[in-house]
Amino acid sequence: MQKILQWIKIDKIWYWWVGLAKNTDGKMIIIKWWALPWSTVDLKIVRQKKDYLEAHITQVKEYDKSIIDGEVFCPHFFSDLNKNEIDRNSLTTVGCGGCKRQILSYKNQLQLKEDIVKDAFNKLNKTNDITILPIIGSPLEKFYRNKIEFSFGKYITKNRETNQTETLSNRSVWFHKQWEFSKIIDVANCGLISDKANQVYSYLRKFCLDSGLPVYDEKTHQWVFRHIVIREGTNTWQMLVNLWVSDDNIKESNNQKRESFIDNLSKDEFLKSIVDSLVITYNNWLANTVRWNNSETKTFRGDWYIYEKLEFPTWDENEPVKDVSFRVSPFSFFQTNTKWAETLFWQAFKMLWYTKWNILDLYCGTWSIGLSLMKLGVGDKLIWIEIVEEAIVDARNNAKINNIDNILFVAGPAEKILTTNTEIKEKITNLWLVVIDPPRDGLHKNVVKMLAEMKKESDYKLLYISCNPVTMARDIELFLAEGFKVRQIQPVDMFPQTHHIECIGILS
């Protein structure tokens with residue numbers, strides 16, 4: 001029998017909006033999923049460790065009304081902090097957890113995120129003088145996402161009265177209900193994407209469901225429609241749509257419907273007028289993912305890609321805005337908030353001011369950071385290391401588009417390239433800047449060691465951009481032990497209404 005704790009007050013929030021509290025016996029409680037500071041809650045203990053407990057919220061008894069002051073703009077919003085039960089008739093349309101923080105005003109969202117960053121660096125600040133600068137908010141609080149993924153599926157639940165599994169909806173399209181992958185929330189639009197993207201989604205959603213073809217069943221691994229992925233150029237207004245389907249295990253009776261669907265899709269005038277690139281990915285893998293090496297993607301109409309650009313101001317008001325162009329293919333990595341990326345990179349540029357000589361760029365994806373800095377006049381040559389082959393192709397194309405050719409491309413994991421490839425190590429000379437934007441788990445310890453060795457030969461600056469302040473603080477502690485110094489950390493809000501935080505640090 002699971003133990004219930006009652007009337008527990010949440011003291012503060014960690015990264016990923018994990019709550020921290022203390023039990024009556026003094027043991028720490030880590031509250032998963034999501035929580036808010038100063039709320040009083042009932043908890044279900046899900047794991048007991050020697051030094052702490054893990055728990056989930058079962059009911060919110062009280063919350064601090066001074067921070068619960070946001071305007072909920074999404075009719076599909078639901079969170080554990082709501083006391084109202086979901087009406088059975090609304091089960092299939094309420095429960096999206098994609099932007100839970102809309103229950104807070106944006107001002108309070110920013111304050112809590114800034115506090116989380118300060119808490120992540122609290123240990124370091126006991127022995128080092130590091131200033132956490134005021135967080136920079138996103139230029140847009142809504143309608144900012146340039147990429148979104150929708151899933152086809154069913155809403156399967158258990159009837160509390162009969163204890164039997166039942167399907168409330170066979171043809172839902174949207175997001176998986178948070179923490180429950182057997183349930184797809186069926187809604188019509190999203191407040192985080194543009195009106196144009198919502199218009200295309202609504203049209204294509206109806207187009208697919210009206211075809212009579214069934215949606216993919218994750219239990220039987222049969223049928224057709226799996227995902228709709230929409231990518232939009234915020235500054236170019238170009239749009240790419242990738243429709244994911246399964247073409248295995250389709251009954252003979254549906255073949256004619258499939259052929260009719262493909263024919264109608266190719267002729268549809270609305271999609272022709274508004275979608276620049278339409279591709280179809282045939283994915284018969286069992287896992288529910290929009291990325292698989294053995295899937296096949298075909299260009300159905302238009303090119304394989306669209307273009308996006310970042311726009312940066314100049315110091316001279318009489319000079320035009322500087323554009324940096326990017327070719328975005330169906331599987332390219334690109335910052336999901338274009339305007340936020342402009343803010344982030346411009347802030348990094350101001351913190352660096354001017355850099356000459358060579359730049360080493362690690363974990364750089366399609367090279368948006370390094371390319372933007374080069375276009376803004378930072379550096380003379382770029383040495384580029386990336387493990388994903390498709391990102392290398394995208395980076396080469398983006399360099400060509402922006403007329404930058406003084407680049408050395410290296411494929412492979414940074415922790416191995418920097419420690420074992422002597423040829424590359426010999427070419428990494430006259431470094432003035434190293435750019436790192438690592439995965440959420442942070443840096444491999446071998447990378448820290450190698451960068452410290454390189455620091456002895458070239459007195460470079462280190463630009464560290466992170467989406468996880470906890471692992472960033474851990475890595476910076478390692479750098480400080482190697483003789484590096486850091487004075488300031490600049491938080492930047494990545495995605496309003498969500499828990500994501502981005503941070504910039506300059507180490508010297």
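How many Å² does the accessible surface of the protein come to, and what share of it belongs to carbon and sulfur atoms? The accessible surface is about 24,100 Å², and 47% of that belongs to carbon and sulfur atoms; the areas come from the Shrake-Rupley method with a 1.4 Å probe, and for residues only the protein chains shown count as cover.

The model is predicted: local features need pLDDT of at least 70, side-chain atom pairs count only at pLDDT 80 or more, and totals for chains, interfaces and linings use all residues. Residues are numbered from 1 along each chain as its sequence is written, and side-chain values use heavy atoms, with hydrogens and water left out.

**The whole chain**

Show the protein as a cartoon. The secondary structure comes to 12 helices and 23 strands; helices (H or I, at least four residues) and strands (E, at least two) are DSSP runs, numbered from the N terminus. Of the 508 residues, 54% count as buried, where buried means under 20% relative accessible area, exposed over 50%, and partly exposed in between (1.4 Å probe, protein chains only).

**The barrel**

Select residues 4-13 and 19-22. These are strand 1 and strand 2, which pair in the antiparallel sense over 3 bridges; two strands pair if DSSP finds at least two bridges between them. Ile13 stands opposite Gly19 in strand 2. Both strands belong to a closed barrel of 5 strands that runs 1-2-3-5-4, with mixed pairing.

**Two loops**

Select Trp38 next. Trp38 lies in the loop between strand 3 (28-31) and strand 4 (40-48). Its relative accessibility is 40%, so Trp38 counts as partly exposed. Trp38 is not a glycine, yet has a positive phi of about 70°. Most residues other than glycine have a negative phi.

Then go to Phe143, in the loop between strand 6 (131-132) and strand 7 (147-158). Phe143 also counts as partly exposed, at 43% relative accessibility, and has a positive phi of about 60°.

**Helix 8**

Select residues 389-401. At 1.5 Å a residue, the 13 residues of helix 8 should span 18 Å, and the end C-alpha atoms are 19 Å apart, which agrees; the expected span is 1.5 Å times one less than the number of residues. Colour Ala391, Ile392, Asp394, Ala395, Asn398 and Ala399, which are buried. They cover an arc of only 165° around the axis, so they are on the same side of helix 8; the arc is that of the directions from the helix axis to the C-beta atoms. Exposed Glu389 and Lys400 are on the face turned away from the buried side. Just after the helix, Asn403 takes a positive phi of about 60°.

Select Trp340 in helix 6 (residues 338-352). Trp340 is buried, with a relative accessible area of 2%. Leaving aside neighbours within four places in sequence, Trp340 is in contact (heavy atoms within 4.5 Å) with Pro139, Gln335, Val492, Asp493, Met494 and Glu502.

Which residue of strand 23 is the bridge partner of Val492? The partner is Glu502. Select strand 23, residues 501-507, where 7 of 7 residues are buried. Ile501, Cys503, Gly505 and Leu507 are on one side, with Glu502, Ile504 and Ile506 on the other. Strand 22 (residues 486-493) pairs with strand 23 in the antiparallel sense over 6 bridges. Strand 21 (residues 461-466) also pairs with strand 23 in the antiparallel sense, over 5 bridges, and Leu463 stands opposite Ile506.
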